[in-house]
Amino acid sequence: MNREDLAPALVWFREDLRLADNPALYAAASGGRPILPVYVLDDEAAGSWAIGAASRWWLHQSLLALDRRFGGALLTLAGSAERWIPELARQVGATSVHVNRSVAPWQVGSDAAVEAALARDQIEFRRYDGSSLFDPDRVLKPDGTPYRVFTPFYRKGCLGQAEPPREPLPEPEALKTVACPSGTGAGDASIDALGLMPDIPWYSGFEQSWSVGESAALERLDAFLDRGLRGYKSDRNRPDRENVSRLSPYLHFGEISPNQVWYSVEPLRSDPVLGDDIDSFQSELGWREFSRYLLTHWPTLPEQNWQEKFDKFPWQSDEAALERWQQGLTGYPIVDAGMRELWQTGYMHNRVRMIVGSFLVKNLMLDWRHGEHWFWDTLLDADLANNSASWQWVAGSGADAAPFFRIFNPVTQGKKFDPNGDYVRRFIPELAGVGADRIHEPRTAPGDAGIGTDYPAPIVELPASRERALAAFKALSGG
Ligand code: FAD
């Protein structure tokens with residue numbers, strides 16, 4: 001046996017909090033090599049993209065679940081990864097550090113610094129792809145430049161590759177862990193000491209809505225395959241139905257990999273009725289790939305308009321309107337139900353995310369970055385790639401984005417996608433007694449005295465705000 005076989009390996013967990021299909025863990029533990037599993041909460045390196053409040057609740061539960069899988073051997077620390085990872089690797093005598101790649105620009109920078117520090121001690125830094133179906137660096141147009149439009153990216157760039165996505169790996173057999181020697185200066189390395197949980201317990205809605213961790217992710221996937229997938233293509237747009245997977249927080253934190261999800265639907269192709277639903281579901285995973293791809297090739301995506309012409313857009317400044325939007329008090333039921341769903345459960349249905357986004361950016365003419373930051377703090381699935389790419393998509397400033405002039409009418413959208421008002425009534429108790437005919441415009445129909453009077457009147461008028469936004473956009477486009 002050589003030194004490499006005997007020496008432990010450090011596995012640095014980030015957004016890959018699982019044992020199955022974890023390429024970094026699998027490689028590190030191969031041949032029965034002992035590992036030191038580590039998580040570092042590095043808020044400083046993350047800067048303004050430090051994990052938001054809702055996601056911190058999820059992360060706390062997720063680390064507890066992972067730690068249980070390791071029999072209590074997961075080492076969790078707060079502080080600089082650039083300091084901790086090389087330090088811990090040295091302390092346990094590791095000859096290699098294994099990580100799954102992250103596409104967050106701050107993390108890419110931090111990885112480079114860790115790699116350089118490790119190299120000074122001749123410790124190898126090995127990077128794997130555990131969170132993408134298709135390597136963003138390898139999907140390029142024939143001229144070698146990155147794709148800018150989703151359909152050719154997905155159809156030619158991804159599905160057109162000779163190799164399909166990597167098949168999921170099993171959990172490593174008979175995992176052996178090493179303890180960190182005392183005197184490392186790690187101090188209180190408990191999960192509680194990370195301080196992820198808020199002092200005031202405002203998260204009871206999360207506890208009622210979610211189970212966290214790798215086994216919960218697999219249960220969620222199974223439930224979706226049993227009850228949600230059939231009809232996904234048409235009903236994924238219906239917030240009143242149960243046809244979406246709700247896997248997004250699990251995918252973000254890596255409690256399940258996109259490869260596991262992708263391959264879970266393949267055996268169901270033998271059912272001829274499900275073909276379109278499966279294609280549609282996999283293409284949503286394709287949108288996730290596209291977001292990661294955009295962030296890899298355009299690292300300023302979270303902060304800067306992808307289309308520079310939007311730098312001159314005359315965004316309004318209206319604190320009061322922003323607060324009404326955040327609190328779900330705009331007077332437009334589908335918008336308010338979405339914002340309240342977000343606050344209560346840490347999740348919002350995709351169709352409703354598009355509606356509330358369009359309302360903020362177009363009807364209120366507030367900068368998309370306000371929405372992006374609010375979502376960052378309140379979503380359990382807050383994901384730098386998906387959130388920034390989706391907000392730029394909604395605003396019209398992004399790659400292959402919804403054209404700015406396509407402005408969702410929240411009343412029409414509500415009638416179309418929540419026809420009986422069940423979704424609205426679930427989140428807006430003030431409208432519990434309002435019938436399907438009035439639920440999406442309770443305060444705007446004539447002769448409505450007494451209907452929904454606890455509920456606010458609309459904060460903007462739709463036709464006028466629409467015209468204002470279109471005029472601003474026209475001026476921007478020089479038309
Ligand atoms: P399903 O329909 O079951 O889809 C399965 C998976 O595919 C999702 O879990 C997700 O990983 C991926 N996916 C689905 N739709 C999209 C999409 N449009 N773009 C990218 N990936 C997609 N998603 C996040 O994960 N994190 C975010 O921070 C986030 N912010 C968003 C902000 C706005 C303004 C909008 C319009 C969308 C945002 N999305 C975000 C994308 C999408 O809304 C969610 O991924 C989806 O609603 C998650 O629900 P689900 O797991 O039930 O999706």
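## Helix α6 and the basis of the model

Helix α6 (residues 105-120) lies across β1, β4 and β5, and runs at about 150° to β5. Helices (H or I, at least four residues) and strands (E, at least two) are DSSP runs numbered from the N terminus, while axes are lines fitted to C-alpha atoms, for helices over the stretch in contact, with angles from 0 to 180 degrees between N-to-C directions; contact means heavy atoms within 4.5 Å.

The model is a predicted one, in which local features need pLDDT of at least 70 and side-chain atom pairs count only at pLDDT 80 or more, whereas totals for chains, interfaces and linings use all residues. Residues are numbered from 1 along each chain as its sequence is written, and side-chain values use heavy atoms, with hydrogens and water left out.

## The sheet

Five strands form an open sheet in the order β3-β2-β1-β4-β5, with parallel pairing, where two strands pair if DSSP finds at least two bridges between them. Because β3 (75-78) and β5 (124-128) stand at the edges, each with a single partner strand, one side of each is left without a neighbour in the sheet. From one strand to the next, the twist averages 25°.

Strand β1 (residues 9-13) pairs with strand β4 (residues 96-100) in the parallel sense over four bridges, and Ala 9 stands opposite Ser 96 in β4. Helix α4 (residues 53-69) also packs on the sheet, where it touches β1, β2 (35-41) and β3, and its direction makes about 170° with that of β2.

## The ligand site

An N or O atom in the side chain of Asn 350 is 2.7 Å from an oxygen atom of the ligand. The protein covers 96% of the 820 Å² of accessible area that the ligand has on its own, as computed by the Shrake-Rupley method with a 1.4 Å probe.

## The chain as a whole

The chain holds 21 helices and five strands. Its radius of gyration, taken over C-alpha atoms, is 24 Å, close to the 23 Å that the globule rule gives for 479 residues, so the chain is as compact as a globular protein of that length; the rule is 2.2 Å times the number of residues to the power 0.38.

How values were computed. Polar contact = N/O pair within 3.5 Å; in protein donor to acceptor, adjacent residues only side chain to side chain.
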